Amino acid sequence: MTPLIDATEMYLRTVWELVEEGIPPLRARLVERLGVSAPAVSETVAKLEAEGLVYLDERRRVILTEKGQHLAAGVMRKHRLAERLLTDIVGVDWAFAHSEACKWEHVISDTVETKIYDVLGGPTTSPFGNPIPKGDVPTPWRDLTTVRLAARHPGRGVIARISEAVQFDIELLEQMERAGAIPGASVTIQSGPDGIEISADNGLVYMTEDQADHVWVASS
């Protein structure tokens, strides 16, 4: 797999993530998510546009074409299936599944993807609660709210999804796992002196507002 193909897949997958989270997929957001320079993002987006994978709309948002959506859905599906395989079968620690899956997603063929799906029993979500795509159109998470917003009205909620944006934050994920604040867990959310506090069955998790913007909850 060449670096160019990896970059193409990473950019398309990141646009998909932003759409899921209801964040306008501007090039500035790609800079933040991918950790690369603005000129590098502009250059790669221009290449993707030339290849018919994306286009810039009137608001300068990076929009996936039908072809781009199909490729983005495929890499996201392989990524989240790889996360599930790594945790459920291989036994990789939950906190490290995302970083490992980022390597696997680029080398899993469509045939192997189908086999993994079958071996896992047809999972619908990743270990982080994120939906494994069935079709080629990303669905925004309009029925959920972020921990940051939930903390404005202290109460209980259920951890639903953890954004790809913080899945590289091993310290945060390990803290959440120790406390039992993982997808499906009922928790209490409130603002505290050290940030936003999430109380779960096994302890407390302290998040910055930025981290709390990337953890999604449902009403309990």
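Which residue of β8 stands opposite Ile159? The legends below treat this pair and its surroundings in a predicted model.

**View 1. Strand β4 pairs with strand β8.** Ile159 stands opposite Val217 in β8. Strand β4 covers residues 155-162. Its pairing with β8 is antiparallel and is made by 5 bridges.

**View 2. Strand β3 pairs with strand β8.** Strand β3 spans residues 145-146, and β8 spans residues 215-219. They run antiparallel and share 2 bridges. Thr146 faces Trp216 of β8 across this pairing.

**View 3. Six strands form an open sheet.** The strand order is β3-β8-β4-β5-β6-β7. Pairing is antiparallel. Strands β3 and β7 are the edges, and each pairs on one side only. Strands of a sheet pair through backbone hydrogen bonds.

View 4. Strand β6 holds residues 195-200 and pairs with β7 through 5 bridges. The sense is antiparallel. Strand β7 runs over residues 203-207. Its Met207 is the bridge partner of Ile196.

**View 5. Helix α8 lies across the sheet strands β4, β6, β7 and β8.** The helix comprises residues 170-179. Its direction makes an angle of about 155 degrees with β7.

**View 6. Helices α2 and α3 pack together.** Helix α2 covers residues 27-34, and α3 covers residues 38-50. The angle is about 115 degrees, and the axes lie 9 Å apart. The crossing is right-handed. From α2 come Arg27, Leu30 and Val31; from α3 come Ala38, Val41, Ser42 and Val45. This contact has 5 nonpolar, 1 polar and 1 charged residues.

Technical notes. Residues numbered from 1 in each chain as written. Predicted model: local features only at pLDDT ≥ 70, side-chain atom pairs only at ≥ 80, totals over all residues. Heavy atoms only, no water. Axes fitted to C-alpha atoms, helices over the stretch in contact; angles between N-to-C directions. Helix = DSSP H or I, 4+ residues; strand = E, 2+ residues; numbered from the N terminus. Left-handed = near helix turned anticlockwise from the far one by under 90°. Contact = heavy atoms within 4.5 Å. Nonpolar A, V, L, I, M, F, W, Y, C, P; charged D, E, K, R; others polar. Pairing = 2+ DSSP bridges.
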